[in-house]
Amino acid sequence: MHNSMKYLNAMSVLLGQAAMLLICLLVISMLYEVAARYIFQAPTLWAFDLSYMFNGSLFLLAGAYSLNHEAHVRIDFISSKFPLRLQQGLNAFVYAVLAGPAFAAFTWVATGKAYKAFLTGELESVSPWAPLVWPFYAALALGLIAFTLQLYLEAFQFLIGTKRPGHTSESGVSLDG
């Protein structure tokens with residue numbers, strides 16, 4: 001079990017690093033577009049498509065990393081007053097029973113959409129550039145798969161008491177401020 005948890009956490013870190021790379025690519029592509037448009041009066045066909053594809057992909061690819069490192073918004077001004085075991089139980093319940101099934105459904109839909117787009121060679125229909133959309137859909141599906149797995153891993157860690165709300169799983173350092 002410990003190896004599975006370690007593997008899932010490593011996958012979250014890897015996808016978080018991929019999201020960091022996408023941020024760099026997004027910035028470079030937007031800088032290129034600005035220069036092409038305003039300096040050379042030659043705007044690109046692909047800038048808009050890359051911007052929404054990179055932005056959407058990095059957002060979902062970084063989700064599991066953010067959850068693992070408690071780098072998300074936590075509204076716990078009431079629950080933080082509860083005893084630790086009750087806080088852990090509430091977090092386990094919310095992650096496993098409320099959020100987990102919802103994100104599993106999103107994952108199912110996104111994976112099916114990516115697979116269908118791959119099989120049909122679907123192109124972006126409203127873009128003059130008309131790129132293939134399956135890589136974008138696949139990145140979204142991968143991010144959702146990782147996020148869903150991380151939700152259940154976090155719920156398990158809360159349930160067995162190895163994780164505390166507002167603390168990262170690696171260092172135990174509070175991000176509460």
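Helix α1 passes helix α5 in a left-handed crossing. The structure described here is a predicted model. Helix α1 spans residues 2-39, and its axis comes within 10 Å of the axis of α5, with a crossing angle of roughly 140 degrees. Angles over 145 degrees count as roughly antiparallel; α1 and α5 are therefore classed as oblique to each other. On the α1 side, the contact involves Met-5, Leu-8, Asn-9, Met-11, Ser-12 and Leu-15. These residues meet Leu-142, Ala-146, Leu-149, Gln-150, Leu-153, Phe-156 and Gln-157 of α5. By class, nine residues of this contact are nonpolar and four are polar, while none is charged.

Helix α5, residues 134-160, also packs against helix α4, residues 84-120. The two axes come within 7 Å and cross at roughly 160 degrees. With the cut-off for roughly antiparallel set at over 145 degrees, α4 and α5 therefore count as roughly antiparallel to each other. The crossing of α4 with α5 is left-handed. The contact between α4 and α5 comprises 25 nonpolar, six polar and three charged residues.

Thr-107 is a residue of helix α4. Its relative accessibility is 11%, and because residues under 20% are classed as buried, Thr-107 counts as buried. The side chain of Thr-107 lies 2.7 Å from the backbone oxygen of Phe-103. When residues up to four places away in sequence are left out, Thr-107 touches Leu-144, Ile-145 and Thr-148.

Technical notes:
Residues are numbered from 1 along each chain as its sequence is written. This is a predicted model: local features need pLDDT of at least 70, side-chain atom pairs count only at pLDDT 80 or more; totals for chains, interfaces and linings use all residues. Side-chain values use heavy atoms; hydrogens and water are left out. Axes are lines fitted to C-alpha atoms, for helices over the stretch in contact, and angles run from 0 to 180 degrees between N-to-C directions. Helices (H or I, at least four residues) and strands (E, at least two) are DSSP runs, numbered from the N terminus. Angles under 35 degrees count as roughly parallel, over 145 as roughly antiparallel, 65 to 115 as roughly perpendicular and the rest as oblique. A crossing is left-handed if the near helix is turned anticlockwise from the far one by less than a right angle, and right-handed if clockwise. Ala, Val, Leu, Ile, Met, Phe, Trp, Tyr, Cys and Pro count as nonpolar, Asp, Glu, Lys and Arg as charged, and the others, Gly among them, as polar. Buried means under 20% relative accessible area, exposed over 50%, partly exposed in between (1.4 Å probe, protein chains only). A polar contact is a pair of N or O atoms within 3.5 Å; within protein, one must be able to donate a hydrogen and the other to accept it, and residues adjacent in sequence count only if both atoms are side-chain atoms. Contact means heavy atoms within 4.5 Å.
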